[in-house]
Structures are given as C-alpha cells and as structure tokens.
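This briefing is arranged by topic for a reader working from the coordinates.

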Amino acid sequence: MIPAIPLWAREIADGLVEAGVRDVVYVPDNPLSHLLGALKTDHKDMRTTIATREEEALGIAAGLYLGGARPAVLFQSSGLGNAANALASLLVAYQIPALLVISMRGEEGEWNSAQVPMARAVRPLLAALGIQAFTLDTAAGAATMVRRAAALAFGTRTPTSCLLPRRLTSPDPPKGGAR
Amino acid sequence: MTRLDATRLLHRWLTSEAVVASLGHPAYDLYAAGDRAASFYAWGSMGVASSIGLGLAMAQPYRRVVVLDGDGSLLMNLGTLATIGVVAPANLVIVVWDNGEYGTTGGQPTATARGADLARAAAALGIPRTATVDTPDALDRTLAQAFAEAGPWVVVAKVRESGPGPKPPLDCVFIKQRFMEAVGVAERSTRGDDVQ
C-alpha cells in the first residue's frame, strides 16, 4: 500500500512550485521521500535529480541557477557537513541563490547518537556562512514560509534554508521511548 | 602537449559555448587563452566543476556546455560522472586536463600517475562517449567529434604541467553576472520586483 502523502509534504511541495522552483536536486532521506512523493503526485512538471553527494547537489544547483533556473536542494542535516565548502566557496562567494530544504535528524526524538553532533552543528554552521535558517514547525502555513524563504533567496541572491524538524515530519513517534 | 597548449587549441573551437573551468590552473589557462564573458572561472569548490556543468546543461539544453576539469579535482567527485550518466545531457562536454598531479598545489601525484584511467571510469559510470588523447592532433579530432555529435562526452587529455598563467578576474560576483548575461539570463535589478 502506498502511504498517503502527509499534509506537510504537500504544503512544502506547493510552496516550492509557487516560488517558481522547477528543479529539485536531492540526496535522499526518509522524510524527504514524502516531499518527493508529493512533487511526483501533485506537480508532474517538477524535474527532480538525485545526486550522489550533497556538495555535488549544490554544484548542480549552482549550474542550474547560472543557466536561468531557480533550484531547490534537499538533503538531510548530516549532509550539510558534506556540503559546507560548496556552499561557502561557490554559492555564498558568487552570490548564487538556492533554496535549501534540510531534513533534521539528531534533535528531539533521536535514538542514534551518531546523528546528534552534526545536528548541533547545523545552525551554527549556517549562521557562520550567513545563511538564514527558517524552521518549519507546523504543516499549516508551511507553503507560505517556503515561498517567503524562496523570495529571500532569489530576491537577495543568497542561499537560504528551511529546516524540517522531526516534530513536523514524524509527528507521532512510538511511545515508551524511541527505538 | 602542455595544458596551456591544449587549452589554446580548445579555445579555438569556442563560439557560443558556456565554459566552466575548475579552480586553479585550468581556470588560469582558460583566461590566458582568451577571456570571454561565457567563461565561468571557479575560485573555490574544488571538485564540483563538472557538476556545475551538468546543472548548466540541464538548464540550457540547446547550448553546448564545456567543462575544463582536472584529474585531481574530478577524483574528488567521481560520483558526479554517475549522475551525468543518468541525466545524460547530450550538450555536455567534459574535458579533463590529466597531468597526473595536483599542479596548483605543488605537483603531488594523483592516482592517474599510477595508472588510474578516468575515461574508463567515466564509461563504467554510464558516460556514453569517452576518449583519451595525448597529442594536439588527437585532441583536435576528438573535439571536432564532441562538438558535432551528441554526448555527454568525457575527453581525457593527457597534458604536461605548464605552470600558472595570469589570473582571471578575482571578483566572483562580476564573473557570475557577466557569465549569466552572456548565456542570456542576465540577473535583473536588485529591486526585487521579479520575485513573488
């Protein structure tokens, strides 16, 4: 059975389309699969490209922008570590915008200790690069927030990020402690 | 042939192509061969030049996109060859200046100096058109093919290090804006009235 597409994923997909994004480059992650599903179901003209690594995804996104597109890049918080230099020395240095949609691990509800250190580094790393981070806490209004973040990115030519915490993407964790 | 000789030879083929040059000597040589607005000189992000080329080729499928990468930098991001194999943009030509060393950083050997074969790697990762050339004539003939027949192409050109040339413009934003104007997508004013 194909699970129903959750509202948060539909909202973010709608927000991306309303922002003029027609290219999504991504490295897969479990919650992001719902967003990709929403794009595939509701927005068939969205081109999605899977990359092998996050810095590669940012290189592809930079090329898309240089060619006239408005790219979004999707990856997990752990992948921000892989992406740091491409963000810093390509997107930030050349003022090349992209909307980053980062699915968070290592925060509330996390059970895997290896995910926690990079999660703690996400906001300080983005802040050090001058990249604003907007946390999408609820499905309601997520489309508007994505659109606003994209307006900031493409209007001011700076990469801009939306963070997707697990309280958004997995609102019903197992009771009695996560396993 | 030296990398600068090879770059000059390639430069003679260029008309409306968008060109992306990896940081360091590939970018310096492209500038030395002749500055052009549709040349994007990378100053950082080692390894992702071919990925930038892929994105450009996707955004502008009717324009030929040429990437000047290096053996050391491509080895940092071999996975992108697999992505290029999957996306398969017919208008993308990747030229790898393979001198077997990290020329910009003092000549430390790369794996190609010990026999690693980037053209075979590209073919194994799904790139349909690959070639290895080591003379100016062979490079010229292969470029004639790559500029006429559908790709994506990976052309590995065995070159000798020619030392650093003059530096391209240092202003990254200038490079970007000039490049985008040249490929027909000039950034609009910063008033923001083009955004939603």
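The contact between the chains takes 31 residues from chain A and 31 residues from chain B, two residues being in contact if their C-beta atoms, placed from the backbone, lie within 7 Å. This is a predicted model, in which local features need pLDDT of at least 70, side-chain atom pairs count only at pLDDT 80 or more, and totals for chains, interfaces and linings use all residues. Residues are numbered from 1 along each chain as its sequence is written, while chains are lettered from A and ligands numbered from 1 in the order in which they are written.

**Side of chain A that touches chain B**
- H3, H4 and helix H6 (142-156) of chain A are the elements that give two or more residues to this side; helices (H or I, at least four residues) and strands (E, at least two) are DSSP runs, numbered from the N terminus.
- H3(A) provides the largest share, 9 residues.
- The residues on this side of chain A comprise 15 nonpolar, 11 polar and 5 charged; Ala, Val, Leu, Ile, Met, Phe, Trp, Tyr, Cys and Pro count as nonpolar, Asp, Glu, Lys and Arg as charged, and the others, Gly among them, as polar.

**Helix H4 of chain A**
- Helix H4 (residues 77-92) of chain A has 16 residues, yet its end C-alpha atoms are only 19 Å apart, short of the 22 Å that a straight helix would reach at 1.5 Å a residue; the expected span is 1.5 Å times one less than the number of residues.
- H4(A) bends by about 60° at A:Ala83, the bend being the angle between axes fitted to the seven residues ending there and the seven starting there.
- Among the buried residues of H4(A) are A:Ser77, A:Gly79, A:Ala83 and A:Leu91; a residue is buried if 20 or more other C-beta atoms lie within 10 Å of its own, exposed if 12 or fewer, and partly exposed in between.
- The cover over the buried residues of H4(A) includes helix H3 (54-66), strand E3 (71-76), strand E4 (99-103) and helix H5 (116-128) of chain A.

**Overall fold of chain A**
- Chain A has 7 helices and 6 strands, and its elements run α-β-α-β-α-β-α-β-α-β-α-β-α from the N terminus on.
- Buried residues make up 50% of the 179 residues in chain A.

**B:Ala33**
- B:Ala33 lies in helix H2 (residues 25-33) of chain B and counts as buried because it has 20 C-beta neighbours inside 10 Å.
- B:Ala33 touches B:Thr7, B:Arg8 and B:His11, not counting residues up to four places away in sequence.
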